Amino acid sequence: MTRAPDPLATTERPEAGSPAVEPGSPRRWLRSATLVLPGAYAWLTTVVVPVAGRGGPGAARVAAGLGLGLLLLGAVMFARRPRVARALGIHGFAGASLLAWLLAGDAVSVARLEPVRAALGTVGWALHAFSWGNVRELGWIPEADERAIGAAPLQPRGSLPRGAYALLGVAVAGAVGLVALAWRVGREEAALLAHAAATLASVGLVTVAARVAVERGREAAEPRARLTGAAQELALLGALGVAGVVWSLLR
Amino acid sequence: MGRLLDAVSFALVGGAALAFALGAAAIGEQRDLAALYWLVVGGLVLRAAVQTLRPRGGAR
């Protein structure tokens, strides 16, 4: 007896959501270029420049070259073996770049950091991450895929509570403001701490705001339980408030 | 009462943003102790915002 093919099988096949692309076709080349270019740009600006300069250790150069090799190999393999290609192009490339930075020593120290190039490199790394994602290609209809399971469209179970977008907007504005404040820190030794703190605070702020904005619409706990649940944090905040007032009076 | 607590939760998120901003500004002004103070306050306010909305343990 033969078994019907499993539509959800996750063996190495062309990406779901992408049409089959002929080898050597312009679309294939475009896809490979999309995979390589952002990573190559990030590699050039943040790995090659410090590592290939004067005083850069040979081992770091080898690791940097390995990173580019893995990126190119991943892009070439992407159409046939997407899972392996992603392992090479994302994890292998980032790991080799990290190794190059670790081996480079003082060549990538904060004192030698060039802010504009570092910012451009950050954009390159972000684009690299996006480029390895899988988006629906122009003209491709997912339902036309032979592996698609036919069913009625899923309807949203509800709408967002009132004020959700406003709260999220305030949180995003606050997060952007925090990052901007971190860039104003002039002291070299404190700037890195400021950026780390601002990034953590921004992520926490947006995460909690999104949670508060969305969960407000769900079935809420009893007011008494909500107050009791926050009692510990509110008590600590009260104590910190008193300590802050006393401290400012004593100064 | 529930709506008031919702509003408190909203306000706490705004308060956390303000506390974090004061902390980041304090780092720039070399007031390290004040920076630490405001960052801790910000973290606690954020946690209070979550707990006010949905307390731990899911008690009803």
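The buried residues of α1(B) are S9(B), F10(B), L12(B), V13(B), A16(B), A17(B), A19(B), F20(B), G23(B), A24(B), A26(B) and I27(B). Buried means that 20 or more other C-beta atoms lie within 10 Å of a residue's own, with C-beta atoms placed from the backbone; exposed means 12 or fewer, and partly exposed is in between. This is a predicted model, in which local features need pLDDT of at least 70 and side-chain atom pairs count only at pLDDT 80 or more, while totals for chains, interfaces and linings use all residues. Residues are numbered from 1 along each chain as its sequence is written, and chains are lettered from A and ligands numbered from 1 in the order in which they are written.

**Helix α1 of chain B**

- The buried residues of α1(B) pack against α5 and α6 of chain A, and against α2 of chain B.
- Helices (H or I, at least four residues) and strands (E, at least two) are DSSP runs, numbered from the N terminus.
- The end C-alpha atoms of α1(B) are 40 Å apart, which agrees with the 39 Å that its 27 residues should span at 1.5 Å a residue.
- The expected span is 1.5 Å times one less than the number of residues in the helix.
- Q30(B) follows α1(B) and has a positive phi, near 60°.

**The two chains**

- Chain B has two helices and zero strands.
- Of its 60 residues, 48% are buried.
- Chain A has seven helices and zero strands.
- Of the 251 residues of chain A, 24% count as buried.
- Two residues are in contact if their C-beta atoms, placed from the backbone, lie within 7 Å.
- In chain A, 72% of the contacts between residues at least 6 apart in sequence join residues at least 24 apart.
- In chain B, 53% of the contacts between residues at least 6 apart in sequence join residues at least 24 apart.

**Where the chains meet**

- Contacts link 40 residues of chain A with 37 residues of chain B.
- On the chain A side, the elements giving two or more residues are α5, α6 and α7.
- The largest share of that side, 13 residues, comes from α6(A).
- By class, the side of chain A that touches chain B has 26 nonpolar, six polar and eight charged residues.
- Here Ala, Val, Leu, Ile, Met, Phe, Trp, Tyr, Cys and Pro count as nonpolar, Asp, Glu, Lys and Arg as charged, and the others, Gly among them, as polar.

**Nonpolar cores**

- A nonpolar core is a set of buried Ala, Val, Leu, Ile, Met, Phe, Trp, Tyr and Cys residues joined through C-beta atoms within 7 Å.
- The largest one has 39 residues, and those with the most contacts inside it are L205(A), V13(B), A16(B), V45(B) and A49(B).
- Two or more residues each come from α5 (164-183), α6 (188-215) and α7 (223-250) of chain A, and from α1 (2-28) and α2 (32-53) of chain B.
- The most come from α2(B), which gives eleven residues.
- A second, separate core has 20 residues, including L88(A), A96(A), A100(A) and W132(A).
- Beyond its neighbours within four places in sequence, L205(A) is in contact with A171(A), G174(A), A175(A), A16(B), A17(B), F20(B) and L46(B).

**Helix α1 of chain A**

- The end C-alpha atoms of α1(A), residues 26-52, are only 34 Å apart, short of the 39 Å that a straight helix would reach at 1.5 Å a residue.
- A kink of about 40° in α1(A) is centred on L44(A).
- The bend at a residue is the angle between axes fitted to the seven residues ending there and the seven starting there.
- Buried residues of α1(A) include W43(A), T45(A) and P50(A).
- Their cover includes α2 (58-77), α3 (82-104) and α4 (115-131) of chain A.
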